[in-house]
Amino acid sequence: MTSSPTAVAAAEANERALVYAVQASRLEGTVRLSGAKNSVLRLMAASLLTEEPVRLRNYPATLRDAEIHRQMLERLGKRCTLEGPDSLLIEEVSPPPGELVWEKRSIRNTLLIMGALAARTGHGAVPMPGGCKLGDRKYDLHIMLLQNLGARTEETEERLAAQAPAGGLRGARIVLPMRSTGATENALISASLARGKTVIWGPHIRPEIMDLISMLRQMGAGIEVFGQERIEVEGRERLGGADHRVLPDNMEALTWMIGATMTGGAVEIVDFPIADLEVPLAFLKESGVRFYTGTDSVIVQGGACFPVEIATGPYPGINSDMQPLFAVFGAMSRGESKIIDLRFPGRYGYAEELAKMGVDAETRGDVLHVFGNGGALRGADVRALDLRAGIALTLCGLRAEGVTRVHEAWQVERGYDRFVDKLRSLGGRIEVGEG
């Protein structure tokens, strides 16, 4: 059943009207991490490669982007059934069409849907990708890799399409000029059903990529990883099903760690992916974060925040999504912190929103300078410009005097599963409304 344009517009308006009202709180207790937003959407796209069932465990069921993707899969002939709070069973009802007809909010993952459909059906047409507005987020690498695999691509103002040659996509040599997560994922998905061997040079090897590879291998894909140098994929005629556990969300892990520290709390974070966060943890430890590792958890004891100096970079470094969290950490310190985003230069729009709460920051060239005053913040009306900006503002609200109203808080719920419930369980004072 297709929703009317009026109904879609009304639903999107209601989504964007979501507001968090946050007050000063001390976070204490235990929280379990959900499946990673930056992994589960890729796994959902990969389910289009097979007619057999795919079960995703540790599924972050309340993510708004995951719900959008679930609806997209159902539009493409899948039946998606929640088996309890954190397991999703994806079954095929009918073979997918070569085009995703979609009227609602788009997501960045439509690029991977295009690759999966081109590989499986020979034709993939999708709406233009959505997602966070982080400057010039091009899709030229996705077009390039599909063309290398033999596809003919077309672009209009509203849609992207890839048409495979007769006989389907064919293996090729793909050279990525930069370590792009999305392009690496699309190359893996598209090449898994291509004829022959594909070699992906200069891939971005990171935990979410390895999670996708793990599921594709379980489905029968022939994939061999040679570090950051290359990935070799032997294409298969068909792929089977999978029963896969989504890896824990490392962004959520850092969020609760920084939240516990800046509120002077004490939080045990269960299922903490320590091995995936060695570099960020090293910086945080040197900047005052006190944490203790257990068998499958980390206990964070709140304390002083010291200034930080970071530059974003490919894994295992600090990725671009993390830098707003480091910025608010620096705002809690006494002294100057310096942050440079090498992936999305100028991704500092949230600094203007933080200024409304009393954070002193300025951009000089491509560097954001944050002048910490020990966390003397005041509540204000602010706007979540994107997912990571939204969570940064919400954390600041936990330290501010008075009420902080985070408008367009739907951005936070795009990437944080059961966020409000988890925050309240830790003692966070938050109300949800519209405005």
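**Close-up 1. Strand β18 and its antiparallel partner β20.** In this predicted model, seven bridges join β18 to strand β20, which spans residues 367-373, and the two strands run antiparallel. Within this pairing, Arg-334 stands opposite Asn-373 in β20. As background to this view and to those that follow, strands of a sheet pair through backbone hydrogen bonds, either parallel or antiparallel.

**Close-up 2. Strand β18 and its parallel partner β17.** Strand β18, made of residues 334-340, is also joined by three bridges to strand β17, residues 309-311, and here the two strands run parallel. Ala-311 has Ile-340 of β18 as its bridge partner.

**Close-up 3. An open sheet of four strands.** The four strands of this open sheet follow the order β4-β5-β3-β13, and their pairing is mixed. At the edges lie β4, residues 78-82, and β13, residues 242-245, each of which pairs on one side only. On average, neighbouring strands of this sheet are turned by 15° against each other when direction is ignored. Strand β3, residues 54-57, is joined to β13 by four bridges, and these two strands run parallel; in this pair, Arg-57 stands opposite Arg-245 of β13. Helix α3, residues 64-75, packs on the sheet, where it touches both β4 and β5, the latter spanning residues 87-92, and the direction of the helix makes about 140° with that of β4.

**Close-up 4. Helices α2 and α3 side by side.** Two packed helices are described by the angle between their axes and the distance between the axes. For helix α2, residues 37-46, and helix α3, the axes come within 10 Å and cross at roughly 0°. Because angles under 35 degrees count as roughly parallel, α2 is described as roughly parallel to α3. On the α2 side the contact is made by Lys-37, Leu-41, Met-44 and Ala-45, while α3 contributes Asp-65, Ala-66, His-69, Arg-70 and Leu-73.

Close-up 5. The N-terminal end of α12 is capped by Asp-386, which has a side-chain oxygen 3.0 Å from the backbone nitrogen of Arg-388.

Note on methods:
Residues numbered from 1 in each chain as written. Predicted model: local features only at pLDDT ≥ 70, side-chain atom pairs only at ≥ 80, totals over all residues. Heavy atoms only, no water. Polar contact = N/O pair within 3.5 Å; in protein donor to acceptor, adjacent residues only side chain to side chain. Pairing = 2+ DSSP bridges. Axes fitted to C-alpha atoms, helices over the stretch in contact; angles between N-to-C directions. Contact = heavy atoms within 4.5 Å. Parallel < 35°, antiparallel > 145°, perpendicular 65-115°, else oblique.
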